[in-house]
Amino acid sequence: MKRKMETSELIFKIIAYVFLIIFAVICVYPFLYALGASFSSNEANTTGSVILLPMIGSDKNSLSIGGTITAYQYLFTGRGSAQFWISYSNTIFMTVIGTVWCLIYSVLGAYALSKKRLLGRHGWNFFLVFTMWFGAGVVATYNNYIDTAEIFATIAGQGGNPNSIDLKWVVVLAMGMNATNIILLRNAFEGVPSEIEEAARIDGATEMQVLTRVYLPMSRATIATVTLFFAISRWNGYFWAMKIMSGAYNQSYSWPVQVFVRDFISTYTSLVGEANEDAMISWNNLYDDGAGGVTISTYGVVYAMVVCSVVPILIVYPFIQKYFAKGVNMGGVKE
């Protein structure tokens with residue numbers, strides 16, 4: 001027999017669902033806005049007329065609901081599309097290689113830390129957690145990355161000059177440490193019954209075989225969750241890539257898509273400050289519509305870039321999401 005819900009419980013559920021709906025709308029709206037703005041005309045974007053649905057028109061008084069694909073045409077066939085897709089491929093490279101690299105040493109480190117026979121185990125675990133409490137700071141971390149780049153350049157026989165090597169390798173190799181993910185994996189490994197490991201060793205399994213054939217298959221959910229964490233972190237990585245690959249070591253050919261989009265925004269729009277006047281004049285002359293406007297909106301191109309940048313995560317996430325809650329519970333709770 002179904003239990004009758006009490007009034008207080010009903011009120012609580014109604015309030016909870018209302019807050020969840022509001023929170024979901026807040027999360028989804030920026031993407032829907034970017035999608036609508038990417039299909040809107042230049043006048044609609046510059047006057048802030050886009051609320052959700054795409055708007056088109058030659059002036060503010062003639063705007064109406066409609067769409068234009070000129071921004072996407074620019075991305076796929078325009079003069080500036082090549083650099084965007086080069087940056088896009090750089091992001092894919094840093095995400096795939098960086099995620100694999102992070103997983104390899106995170107799994108190895110977590111496996112070692114999960115073993116009670118590890119000499120100094122408590123001390124190593126303390127140092128790992130210590131990095132979560134106290135950070136080195138931005139300046140020290142930046143200097144560490146630049147020193148790493150100089151070491152890579154020296155090994156490559158380039159005299160220690162960071163600008164003589166492809167700096168995206170520094171982002172891939174030197175920025176993989178994440179104590180939280182290692183702890184999740186360690187706790188998941190500690191949850192594997194010791195009897196199964198003992199049975200594998202009796203059958204003659206080596207240390208690596210125990211890891212790959214016992215621990216990894218039994219911790220699949222946590223590994224999938226950690227993979228998602230690493231991949232999203234790499235895909236969205238902006239700050240350190242911008243600091244390392246611009247300024248003194250300006251390697252625009254190695255920029256990830258986030259750095260390229262930020263450079264495009266600061267050059268052609270006033271979203272984060274004054275646009276570059278010469279660049280805007282060149283853009284307006286190139287895409288003049290003959291009626292005092294432009295055929296391709298810089299704002300529309302920006303939002304089209306944002307949409308294209310988000311799509312891969314939207315495609316991959318549903319396939320990994322089923323492991324998410326289970327993986328966090330397995331790795332986050334220590335029995």
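This is a predicted model: local features need pLDDT of at least 70, side-chain atom pairs count only at pLDDT 80 or more; totals for chains, interfaces and linings use all residues.
Residues are numbered from 1 along each chain as its sequence is written. Local features need pLDDT of at least 70, side-chain atom pairs count only at pLDDT 80 or more, totals for chains, interfaces and linings use all residues, and side-chain values use heavy atoms, without hydrogens or water.

**Asn 90**

Asn 90 sits in helix 4 (residues 81-113). Helices are DSSP runs of H or I, at least four residues, numbered from the N terminus. Asn 90 is buried, at 6% relative accessible area. Buried means under 20% (1.4 Å probe, protein chains only). The side chain makes two polar contacts, listed below. Such a contact is a pair of N or O atoms within 3.5 Å; within protein, one must be able to donate a hydrogen and the other to accept it, and residues adjacent in sequence count only if both atoms are side-chain atoms.

| Side chain | Backbone oxygen | Distance |
|---|---|---|
| Asn 90 | Tyr 253 | 2.8 Å |
| Asn 90 | Trp 255 | 3.0 Å |

Beyond four places in sequence, Asn 90 also touches Lys 168, Ser 254 and Pro 256, among others. Contact means heavy atoms within 4.5 Å.

**Nonpolar cores**

A nonpolar core is a set of buried Ala, Val, Leu, Ile, Met, Phe, Trp, Tyr and Cys residues joined through side-chain atoms within 4.5 Å. The largest has 46 residues. Tyr 74, Leu 75, Phe 84, Leu 167, Val 301 and Met 305 touch the most other members. Helix 15 gives the most to this core: eight residues. Another core, of 22 residues, lies apart; Cys 102, Ile 182, Ile 183 and Val 214 are among them.

Technical notes. Helices (H or I, at least four residues) and strands (E, at least two) are DSSP runs, numbered from the N terminus. Buried means under 20% relative accessible area, exposed over 50%, partly exposed in between (1.4 Å probe, protein chains only).
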